[in-house]
Amino acid sequence: MSLLDFSITRWFLEDDVIDALKQHDQQKILDSIQSRFYETEHAEVKSRMLEIAADVLDTFAAEWVRELLDHEDEEFLYPLSWAAASSLPRDEGLHHILEKLKSISEKELPLEAFICLHRFRSHKILDWMESNCTHFHDQWGRLAAVSCPTWERMKSWLKKEDLSA
């Protein structure tokens, strides 16, 4: 059994597997995960290959991640967003994922946004939230907390809340 096969059998991509994969040649890993991704119809296997791109290959997988962002649908939005956060320059990856989130329903957006955007840790997410957050949901608070809020921004949000009361 190969390390990739083993990674597929795990519920999560565990740190010890990530560390073991990082010991191997990046080009060989990229070739292997691309091959697995394109040869299978199994969504969970495809997702795991994207997780490996995100957590093992980082920027080495950038060109492949760009290709997938242009061609894949929402089925792989979560692991693809994680790969975009790890592999691409922050603004580029964030732009791609914000575009993909436009197709998500208002009801599902808070959770989808948190899952897809938390790895970016960018204050630009706060700008996006200000125009997309239409009702309270605890996922918005979690996303704001990991998006590098400044005290000045938090004070301005609190003042807006005071005016609406």
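Modeller: A nonpolar core is a set of buried Ala, Val, Leu, Ile, Met, Phe, Trp, Tyr and Cys residues joined through side-chain atoms within 4.5 Å. Buried here is under 20% relative accessible area, exposed is over 50%, and partly exposed is in between (1.4 Å probe, protein chains only). Mind that this is a predicted model: local features need pLDDT of at least 70, side-chain atom pairs count only at pLDDT 80 or more, and totals for chains, interfaces and linings use all residues. Residues are numbered from 1 along each chain as its sequence is written, and side-chain values use heavy atoms, with hydrogens and water left out.

Biologist: OK, which residues have the most contacts inside the largest nonpolar core?

Modeller: Ile 33, Ile 52, Leu 101, Leu 117 and Trp 128, in a core of 50 residues. Helix H4 (residues 43–57) gives the largest share of this core, 8 residues. Helices, by the way, are DSSP runs of H or I with at least four residues, strands are E runs of at least two, and both are numbered from the N terminus.

Biologist: What is Trp 128 in contact with, leaving aside neighbours within four places in sequence?

Modeller: Contact means heavy atoms within 4.5 Å, and on that count Trp 128 has Leu 98, Leu 101, Leu 109, Ala 113, Leu 117 and Trp 140.

Biologist: Why is helix H6 called largely enclosed?

Modeller: Because 9 of the 11 residues of H6 (residues 77–87) are buried. Trp 82, Ala 83, Ala 84 and Ala 85 are among them. The cover includes H4, helix H5 (62–71), helix H7 (90–101) and helix H8 (109–117).

Biologist: Glu 112 sits in H8. What makes you say that Glu 112 has no salt bridge?

Modeller: A salt bridge needs a side-chain nitrogen of Lys or Arg within 4 Å of a carboxyl oxygen of Asp or Glu. The nearest side chain of opposite charge to buried Glu 112 is Lys 107, 12 Å away, so there is no salt bridge.

Biologist: Which side chain does Glu 112 make a polar contact with?

Modeller: Tyr 78, at 2.8 Å. The cut-off is a pair of N or O atoms within 3.5 Å, one able to donate a hydrogen and the other to accept it, and residues adjacent in sequence count only if both atoms are side-chain atoms.

Biologist: How many helices and strands does the protein chain have?

Modeller: 11 helices and 0 strands. Of its 165 residues, 41% count as buried.

How values were computed
Lys, Arg positive; Asp, Glu negative; His and termini not counted.
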